[in-house]
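Thank you all for coming.

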Amino acid sequence: MRIIFVMDQRIDRGSIQSISNYMRAGDELGHEFALYGLPDPRFPTIRFSRDVSAFDYVVFLIESSRRWMSGLRMPRLFAEVPRHRRAIVDADGMYNQVIASNNYDRNHSSEYIRAEWVAHYRVVADKIFQPTFTPREPDVRKLLFYGYNPAQQIAPESSPAKAHDILHVGHNWWRWRQISGELLPAIESVRSDLGKIAFIGSWWDTIPAGAAELGVEAAFGFDAEWLRRLRIQIEPAVRYTEVIAAMSTGRINIMTQRPLFRELRILTSKYFEIFSADTTPLVMLDPDHAEMVYGPAGRELALCNGIGAKLVDVLSQPKKFREIVEEVRVHLLKHHTYRNRVQELVAALED
Amino acid sequence: MKLLIVSRYDRSARAINTIIKYVRVGKALGHEVALFSDQIGDMPDVPTSRDPKAFDYVMFVVYETPDFPDLPYLAHLLDGMPRERRIIVDCTGRFNETIEVEHDFNHLDKLENHLGWEWIDGFSAVAETILQPTPTPLRADARGFLFHGFDPGAIERHYDSAEEAARSWSGKIDNSKQYGLVYVGNNWQRWSQMRSLLKAIEPIKQSVEPICLTGWAWDHRPAWAAELGIQGIDTDLAMLQQMGVELKGNISFDQVIPFISQGKFCPVIHRPLFNQLGIVTNRTFETFCSDTVPLLMLPVQMIESIYGPAARILAVGENVAGHIQDVLSRPALYWDAILKTRAYLADQHSFQRRFQELSAILAK
């Protein structure tokens with residue numbers, strides 16, 4: 001099957017890592033994947049094509065904005081590919097009722113905006129997939145979409161030196177409440193037992209221009225003084241090609257998720273790429289969800305209670321946690337490789 | 001002809017004046033022209049429709065990507081009107097290879113998230129006929145159609161002779177002009193030319209005071225422009241304050257002619273990109289409806305081809321201060337040129353003429 005993705009690709013965020021993996025795994029399985037556009041040296045692992053009519057299906061990967069699906073871009077896609085050969089991966093759960101997690105994070109600011117999204121989706125595609133085990137809308141199909149690529153795994157002997165005890169790789173987008181309410185107090189309580197800590201990503205020390213105009217200033221909350229007091233370094237975002245190596249400079253990598261995603265149990269690239277890094281991943285998920293994704297060993301890596309003590313415990317028992325991580329990797333290899341994901345996508349499109 | 005116009009309608013930006021002229025002049029000529037929209041609250045007398053099937057042609061008037069409607073409306077348009085009866089008026093030269101002129105450009109990925117090829121592909125997918133408001137399109141598959149026009153019925157004040165106009169303009173009949181020089185337009189790719197103009201008139205400032213700039217972003221450089229490093233939206237508030245320039249925000253399209261008429265002089269400035277491509281704008285024509293002396297700061301070739309031979313004398317040239325002083329000392333000479341140019345514009349560039357040209361293009 002020939003499948004072309006259409007998305008708003010960015011080098012240091014979003015789902016570009018998974019698109020790269022679909023291309024590699026697709027080649028192995030005899031399916032051809034490409035990304036809509038012209039070859040771009042910023043994306044060295046991505047195969048691009050503009051020839052949409054040469055593909056069997058167009059898959060739109062939509063996150064929290066649809067401005068990129070402009071009236072300039074869409075007509076050509078509509079003209080060349082009929083709706084029954086177009087599908088949407090609704091990566092951020094926009095095709096749902098209005099959900100406001102703890103009156104903080106939300107998918108839509110109003111019912112009116114939600115209705116616009118729904119109308120948009122219905123025009124764009126026949127099939128809507130969401131990367132969650134439990135879609136809520138009856139016309140949405142489960143498609144986990146993101147996966148694990150064992151070939152990306154960095155072995156301890158080839159791993160970069162450990163520069164940090166704790167790393168958090170991700171952008172500050174609706175994460176501050178979890179970070180400030182759970183993680184930072186825990187770090188504060190055991191700070192003297194921890195070495196270097198860094199947050200890698202955007203908006204931990206600045207709010208992007210236009211956030212207030214768009215009414216999303218709350219998504220970028222931070223407290224620079226608190227971070228400074230805790231000696232947490234802020235480092236710029238890294239390219240998708242370097243993210244696993246960057247994670248491997250930390251003994252522990254902490255994965256957080258925006259509340260909306262936790263509520264909808266939406267998977268992301270990071271769920272899996274963090275296990276390709278030479279590190280001990282600790283995921284701020286409830287243990288049941290961690291087990292659902294990572295298998296029974298995943299419960300041990302869920303960071304939800306006694307966070308400070310857990311951080312110290314992981315640093316003091318590296319062998320024990322390395323074994324737990326290996327157990328999770330075995331589970332991922334069995335259930336969540338991109339070979340699995342390619343087959344699932346092909347089946348879902350053909351269904 | 002039943003014509004449905006598709007664009008983003010803003011009372012103080014882009015082609016709203018021209019679009020409304022198409023509605024009104026079209027009706028007078030027996031055409032039916034409506035805007036693709038729900039009823040527009042602040043323009044209740046303008047006909048609107050969401051039903052492309054009720055029209056012969058759909059005309060997209062495009063400056064930016066948001067001028068295409070959002071889904072699902074766009075899909076309704078594409079489904080309801082075949083491509084060969086869809087037209088795009090490409091007001092800013094998007095349907096070209098990427099062009100940079102000084103700090104101006106027709107495509108900028110970092111600002112609009114669309115590369116040059118997408119403008120070509122996108123326009124071609126939407127419409128069979130791409131029109132550009134220039135006499136000289138660069139691409140073989142684009143056609144020249146000036147789109148904007150001159151409405152003699154909108155002239156603020158009619159004169160029987162240049163002498164009468166000069167007496168009135170000089171304040172010898174009444175002294176109603178509030179400003180020496182006004183400009184109406186948003187500060188997008190115009191600052192370098194405006195700065196040059198202001199610098200040039202600084203030595204004779206007392207002759208053209210007070211000065212007023214009206215439009216968006218003359219008083220500040222937006223944060224996003226600084227963040228993206230876009231130079232075409234610069235300003236110098238200290239310089240403007242030092243020269244005593246009054247700054248006003250946007251004004252509605254139906255206030256432009258009366259407002260410009262409050263100034264003795266009004267520059268006609270086009271973006272550097274437009275100067276290179278020969279693109280005209282609404283203001284190219286509308287300024288001649290105002291009771292003012294236009295200062296034509298355009299390429300000489302464009303002045304002659306658009307305004308006719310009489311307008312040559314209205315070209316500012318290198319010696320801006322000298323030109324203004326000459327107008328002040330011999331106003332009848334310049335008003336003679338203005339009145340002749342108005343007549344030329346009425347003959348060559350009326351909206352009636354535009355409709356004839358458009359009909360001829362569509363008939364082919």
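Before anything else, a word on domains, whose bounds here come from an automatic or database domain assignment. This is a predicted model, in which local features need pLDDT of at least 70 and side-chain atom pairs count only at pLDDT 80 or more, while totals for chains, interfaces and linings use all residues. Residues are numbered from 1 along each chain as its sequence is written, and chains are lettered from A and ligands numbered from 1 in the order in which they are written.

In chain A, the assignment gives domain 1 as 2-147 + 337-350 and domain 2 as 150-335, and the C-alpha centres of these two domains of chain A lie 25 Å apart. Where they touch, 27 residues of domain 1 of chain A are in contact with 28 residues of domain 2 of chain A, contact meaning that the C-beta atoms of two residues, placed from the backbone, lie within 7 Å.

On the domain 1 side of that boundary in chain A, α1 (16-29) and β7 (105-106) each supply at least two residues, and α1(A) gives the largest share, three residues. Helices (H or I, at least four residues) and strands (E, at least two) are DSSP runs, numbered from the N terminus. By class, this side of domain 1 of chain A has nine nonpolar, 14 polar and four charged residues; Ala, Val, Leu, Ile, Met, Phe, Trp, Tyr, Cys and Pro count as nonpolar, Asp, Glu, Lys and Arg as charged, and the others, Gly among them, as polar.

Turning to the chains, how many residues does each one bring to the contact? Chain A brings 17 residues and chain B brings 22 residues. On the side of chain A that touches chain B, α2 (74-80) and α3 (111-124) of chain A are the elements giving two or more residues, with the largest share, five residues, coming from α2(A). That side of chain A has 11 nonpolar, four polar and two charged residues.
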